[in-house]
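Please examine the sequence and the structure shown below before reading on.

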Amino acid sequence: MSLLWIPILILLFSLAYASASGAPWVPTFKRDIERIRRLLDLKDGEKFVELGCGDGRVVLALSSPLLQKERDRVRSKIIAVGVELSIIQWIAAQIRRIITRSWNTRFVLGNAFAYDLRDADAVYLFLLPETYEKIRPKLEAELKPGARLVSFVWPIPDWNPTKVDEMPGAAKLYLYVR
Ligand SMILES: C[S@@+](CC[C@H](N)C(=O)[O-])C[C@H]1O[C@@H](n2cnc3c(N)ncnc32)[C@H](O)[C@@H]1O
């Protein structure tokens, strides 16, 4: 077997491992990113974290100075972190970060369950419902009072949403304020 197969197998293994660990890669639609932006209402200097950030599209849309609309540029000093377990998606996010020169963002190759959320002001999650159940104790232990969290499609079990954003033909978004 050629040595070329080794990196390919590593990439495929990490893709499968991430899918089994939290959710397979399914990107958030552009129109839903706008809804997330409105719900989280990020302010200059705040820290935004996305657990399971895929190719980084949400992190960058919410924080990249280059991708902000003119009206939002004043709020582009957000510190944004995407955490991703799959190497393929993480590389895609790093490439997007470089192309968009988004130096206020960071993409961490690692497990969402291991990332410390204590200094996060806002969090976005698009994982599977069973993963929301598994990650709930961590969220409860680490999120500071006033931190906002948006979950895509499914609610966080046993939490009361501050707002449920509904749109015909689109998935529900749940906003929580701790
Ligand atoms: C449903 S996709 C959402 C992607 C991205 N958040 C978006 O909205 O476009 C879930 C992502 O979480 C990643 N993932 C799954 N389990 C994870 C874990 N334990 N830690 C970090 N990332 C994880 C997957 O590799 C995948 O890219």
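Helices (H or I, at least four residues) and strands (E, at least two) are DSSP runs, numbered from the N terminus. Among the 17 residues of α1, the count of buried residues is one, so this helix is hardly covered. Here a residue is buried if 20 or more other C-beta atoms lie within 10 Å of its own, exposed if 12 or fewer do, and partly exposed in between, with C-beta atoms placed from the backbone.

This is a predicted model, in which local features need pLDDT of at least 70 and side-chain atom pairs count only at pLDDT 80 or more, while totals for chains, interfaces and linings use all residues. Residues are numbered from 1 along each chain as its sequence is written.

The protein contains five helices and seven strands. From the N terminus on, these elements run α-α-β-α-β-α-β-β-α-β-β-β. The radius of gyration of the protein is 16 Å, close to the 16 Å that the globule rule gives for 178 residues, so the protein is as compact as a globular protein of that length. That radius is taken over C-alpha atoms, and the globule rule is 2.2 Å times the number of residues to the power 0.38. Along the principal axes, the C-alpha atoms fill a box of roughly 55 × 40 × 35 Å. Of the 178 residues, 35% count as buried. Among the contacts with a separation of 6 or more, 72% are accounted for by residues 24 or more positions apart; two residues are in contact if their C-beta atoms, placed from the backbone, lie within 7 Å.

The ligand is surrounded by 24 residues, and the closest are A18, G22, T28, G52 and G54. A residue is near a molecule or strand if its C-beta atom, placed from the backbone, lies within 6 Å of it. The elements that give two or more residues to this shell are α1 (5–21), α3 (57–63) and β2 (79–84). By type, the shell divides into 13 nonpolar, eight polar and three charged residues. In this division Ala, Val, Leu, Ile, Met, Phe, Trp, Tyr, Cys and Pro count as nonpolar, Asp, Glu, Lys and Arg as charged, and the others, Gly among them, as polar.

The largest nonpolar core has 38 residues, and those with the most contacts inside it are V49, V123, L125 and V150. Such a core is a set of buried Ala, Val, Leu, Ile, Met, Phe, Trp, Tyr and Cys residues joined through C-beta atoms within 7 Å. Not counting residues up to four places away in sequence, V49 touches V81, V83, L117, A120 and V123.

S102 lies in the loop between α4 (87–99) and β3 (105–109), and it counts as buried because it has 22 C-beta neighbours inside 10 Å. Leaving aside neighbours within four places in sequence, S102 is in contact with L60, S63, S64, L66 and R97. D41, in the loop between α2 (30–40) and β1 (47–51), counts as exposed, with 11 C-beta neighbours inside 10 Å.

The loop between β5 (148–152) and β6 (163–165) holds V153, and D158 also has its place between β5 and β6. Phi of V153 is near 70°, a positive value in a residue other than glycine, and phi of D158 is likewise near 70°. V153 counts as partly exposed because it has 18 C-beta neighbours inside 10 Å, whereas D158 is exposed, with 8 other C-beta atoms within 10 Å. Not counting residues up to four places away in sequence, V153 touches A171 and K172.
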